[in-house]
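This report goes through selected local features of one protein model.

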Amino acid sequence: MREYLLQILDSGAGDLSVETIVLRLAVAAVVACFVFLSYRISHSGSIYSKKFNVSLVALTLITTTVMVVIGHNIALSLGMVGALSIVRFRTAIKDSRDTVYIFWAIVVGICCGAGDYLVAALGSAFVFVMLLIFGRIRNDNRALLILRTARPNETKVEALIFQYYAHKAVLRAKNTTEESVEFIYELNGKYVNQPAPVEAGGKSITEAVYEIGSIEYFNIVMQNDEISG
């Protein structure tokens, strides 16, 4: 019984030829190029990171190498799980889609390392097409309207914002002191430059705000969840 258990634990170790190992790494490299291309297309713009994209290719090849080493060896696989369990990654994910690409690279590496080329190719093809279709979806920009004025103008400001944006502008904060009041409104960015209402005489929101008088500042801050400072 003891010899049987040892045979199971040591099975599959070192039984791959050099040609097989090179083939698995080569297929992994080819599929990793599709991962690289998909990330480049879906993240075109200011959020694209060349270093992260290259890391995806390296991650695919590293995972393939680990799978080649493990093979069907249960002892090595358990040891690898124990070794990786102590690793902690502190890098923040700026875009939720990055997690998808990391997982994609790891899965491709596992499939190629195990010799399941068809699964790696077909799976990557489907993922590539889906990300190509939906990968360019962007979050709508949001705008913050930040305004500080004298306390007597409180009702005038509220009425003016409602006149221009109605319920599209949501009041997020109103900070007051004895002398002043600060408003923070949030609305969809596409409404910031919408045409002024007829009753406003064609004036922009900025002109209308400063006509109230005693305005300390009026800021319009555009926000985008996909761009992190």
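Asn-53 is part of helix H3, which covers residues 50–70. Helices (H or I, at least four residues) and strands (E, at least two) are taken from DSSP runs and numbered from the N terminus. The model is a predicted one, in which local features need pLDDT of at least 70, side-chain atom pairs count only at pLDDT 80 or more, and totals for chains, interfaces and linings use all residues. Residues are numbered from 1 along each chain as its sequence is written, and side-chain values use heavy atoms, with hydrogens and water left out.

Is Asn-53 buried or exposed? Asn-53 counts as buried because its relative accessible area is 0%; the cut-offs are under 20% for buried, over 50% for exposed, and in between for partly exposed (1.4 Å probe, protein chains only). Apart from neighbours within four places in sequence, the residues in contact with Asn-53 are Val-35, Phe-36, Tyr-39, Arg-40 and Tyr-48. Contact here means heavy atoms within 4.5 Å.

## Helix H2 and Thr-64

Ala-26 belongs to helix H2, residues 18–42. With a relative accessible area of 38%, Ala-26 is partly exposed. The C-alpha atoms of Ala-26 and Thr-64 are 10.0 Å apart in space, while the two residues are 38 apart in sequence.

## Salt bridges at Lys-174

Seven salt bridges are found in the structure. The term requires a side-chain nitrogen of Lys or Arg within 4 Å of a carboxyl oxygen of Asp or Glu. One of them joins Glu-154 and Lys-174, with the closest N and O atoms 2.8 Å apart. This pair connects distant parts of the chain, since Glu-154 sits in helix H7 and Lys-174 in strand E2, 20 residues apart. Lys-174 is partly exposed, at 35% relative accessibility.

Lys-174 also forms a salt bridge with the side chain of Glu-158, at 3.2 Å from N to O. Here too distant parts of the chain are linked: Glu-158 is in helix H7 and Lys-174 in strand E2, 16 residues apart. Glu-158 has a relative accessible area of 29% and is therefore partly exposed. Which residues make up the network of salt bridges that includes Lys-174? The network links Arg-151, Glu-154, Glu-158 and Lys-174.

## A salt bridge between two strands

Glu-186 and Arg-172 form a salt bridge in which the closest N and O atoms are 2.8 Å apart. The pair links distant parts of the chain, with Glu-186 in strand E3 (residues 180–188) and Arg-172 in strand E2, 14 residues apart. The two partners fall into separate accessibility classes: Glu-186 counts as buried at 15% relative accessibility, whereas Arg-172 counts as exposed at 53%.

Ala-166 is not a glycine, yet its phi is positive, at about 50°. The residue lies in the loop that runs between helix H7 (154–165) and strand E2 (170–176). Ala-166 is partly exposed, with 33% relative accessibility.

Ser-214, also a residue other than glycine, has a positive phi near 55°. Its position is the loop between helix H8 (205–212) and strand E4 (215–223). At 56% relative accessibility, Ser-214 is classed as exposed.
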